[in-house]
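Subject: Structure handover

Hello,

Here is the structure I promised to pass on. Please open it first, then read my notes below.

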Amino acid sequence: MSDHLSVPARDTAFRREIRRAARVMVEARWPIFAVIFLLAASIAAVFGPLFAPLDPNRQNLVLRLAEPMAAGPDGSVFLLGSDALGRDVFSRLLSGARVSLLVGIAAITVGGTIGIVAGLLSGYFGGWVDDLIMRVGDIQLAFPFILLAIMFLVVLGAGVWNLVLVLGVGQWVTYARIVRADTLSLREKEFVEAARALGDSTLSIIFRTILPNILAPLTVIASFNVASVILSEAALSFLGLGVPPSVPTWGSMLAESRDTLIANKWWLAVFPGVAIMLTVLSFNILGDWLRDFLDPRLRERT
Amino acid sequence: MGSYILRRLLQSIVVVIGVTLVTFLALQAGGDPTYLFVSERASQEEIETTRRALGFDRPLHVQYASFVGDLARGNFGQSLSYRQPAMDIVLEALPATIELTIFSMVIALLLAIPLGVLAAINRGTAWDGSITTFAMLGQSIPNFWLGIMMILFFGLYLRWFPISGHVPFIAPMMAGDFGTAISNLPRTILHLILPGIAVGTYSLARNTRLIRSSLLEVMEQDYVRTARSKGLPEMRVLIHHALRNAWLPVVTIIGLEFGFLLGGVVVVETVFSYPGIGRLLFAAINQRDIPLVQAGVILLAGIFILLNLVVDLVYLRLDPRMKLMEGRG
């Protein structure tokens, strides 16, 4: 019953929206490169081990610190050189893509889910529920995030899921605030009134009537958020607080590169950083494009 | 106005309590915290003794009460690796961190205003294009990697700047030794340039975008058009009318900015072997010196909360509209 109420005039315009999305993307040019790069990075993340010329953890003490394009073992080539333990930098970069993207997207899923539910409850019920949730959010934001992450990771220990949890919980407030504001304004709209008059349960109103109508702007936030989470993940891995040392990540590769910096082994420091930067840049560009597409009026604001 | 200040003060106190709670809970998050304080080869007996000595056998709320009590008395625990009061060690590293934070703040603000204005008044030109591209890149570069790249290029290849270390300025100043402080200053700044750029670039990029977009918006307002139609020179309209309001959004986020900068400082100090709280925290993390990590985090969070409070109160004076919003939180 409530289905046709919950999605006001969406489906009819769907095809037109898709075409508009493509047009905005073509006009802006950069988003295409961002999408292509992210697709390539995702393929590397999922199928990386299939492409990797060598085992990312295979040490080769004879061929240590080989320059890019130098000959590797068994007729292979160290495309981007080898590190201080003779491991192939290119293969390690491919493995690192998996950690960065997985942690980035999983953390957003965790933070987004908590934030959306908190924001819906806060906006719909108001009163003390609202006060409680928003004050907890204030306290969290008053705490520089990286310090919070350091505190918890030191105690919880390194690990992909601890990292996801800490980075995810670090993000919920942003979502909660936006969802709350949107819910507040939708709560009084006619189609929500209608659902209420039809006797829908509160849960159904919140999750089936309101939620679908506030998701679009969140994709913009999510895109920028993945970018900043990947930056934080890299920084924490760099500090040795990320995943266990057996898993190569871009941040930990950079941490290891410091030992050979003075000896000018530049390829160990350059490539992982370029990988992080291009990934983060792509998500930022994608976020800009999504914002322009969803609301052209916002174009000039931040 | 008075009630706003009072409410803002109360809010800060709640946040400080929140910080102590989080710091306390973090210690408990991994299960029995006793194991963080004993070696891996410790016998069951040793573990039991340590647990009792540190009070981890008591109920949680009792532990929290005594934790807060200790903090209130200025007792932040003994550092496990230094065998000294943790806060003393952190305070010793504080001046170096303040120097770096202020320096990167200066970069992030002073450069952002001309860059943002330049982009806005030349909207759609090559100037605008290169500044916004630079800003986009600046928000995507990991600060510690930027530091490493600058060490490679400006430090090791061109040899223009030192790649590590620190020359104290605030510390001799505080000790009353102004002669040393002044004679140190040029070298202090020389050592701050690379780490300062590494920390400040992200904020610089964001502020540049913020000033550009906010100026573009303000330039279309009626009062700016009025100023122009009065025949005022464009430069005067820009500085006396438009910029006055355009930089308000930047002031709002200055407080949050410090949080970002502090986060950056923690990581970048490690890259440049810069002897501040960040490098200290890094060493403490690796040695699992929990009391030292706690003391460092509490001090930085405390400074951050205080600065945010000050910024909000200053903002109250800058934006007269705030006086009208008394009733709102």
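**Helix 7 of chain B**

In helix 7 of chain B, ten names to find are buried: B:N143, B:F144, B:W145, B:L146, B:G147, B:I148, B:M150, B:I151, B:L152 and B:G155. Keep in mind that this is a predicted model.

What do these buried residues pack against? In chain A, the partners are helix 10, helix 11 (250-257) and helix 12. In chain B, they are helix 9 (178-219) and helix 12 (248-271).

Next, check the length. Helix 7 of chain B covers residues 143-157, which is 15 residues. At 1.5 Å a residue, it should span 21 Å. The C-alpha atoms at its ends are 20 Å apart, so the two values agree. The helix also bends, by about 30° at B:I151. After helix 7 of chain B comes B:R159, with a positive phi near 60°.

**Chain B as a whole**

Chain B has 15 helices and zero strands. Its C-alpha trace spans about 85 × 60 × 40 Å along the principal axes. The chain has 329 residues, and 38% of them count as buried. Now take the contacts in chain B with a separation of 6 or more. Residues 24 or more positions apart account for 72% of these.

**Where the chains meet**

How many residues of chain A are in contact with chain B? There are 39, and they touch 48 residues of chain B. Helix 6 of chain A gives the most, with 10 residues. By class, this side of chain A has 30 nonpolar, six polar and three charged residues.

**The core**

The largest nonpolar core has 163 residues. Those with the most contacts inside it are A:A149, A:I150 and B:V293. Look at A:I150 in particular. Leaving out residues up to four places away in sequence, A:I150 touches A:L241 in chain A. From chain B, it touches B:L281, B:I285, B:V293 and B:V297.

**Confidence**

Chain A has a mean pLDDT of 80, and 86% of its residues reach 70 or more. Which part of chain A stays under 50? That is residues 1-8. For this stretch the model has 16 contacts beyond four places in sequence.

Best wishes

Conventions
Residues numbered from 1 in each chain as written. Chains lettered and ligands numbered in written order. Predicted model: local features only at pLDDT ≥ 70, side-chain atom pairs only at ≥ 80, totals over all residues. Core = buried A, V, L, I, M, F, W, Y, C linked by C-beta atoms within 7 Å. Buried ≥ 20, exposed ≤ 12 C-beta atoms within 10 Å, placed from the backbone. Contact = placed C-beta atoms within 7 Å. Helix = DSSP H or I, 4+ residues; strand = E, 2+ residues; numbered from the N terminus. Nonpolar A, V, L, I, M, F, W, Y, C, P; charged D, E, K, R; others polar. pLDDT = per-residue confidence, 0-100. Expected span 1.5 Å × (residues − 1). Bend = angle between axes of the 7 residues up to and from the residue.
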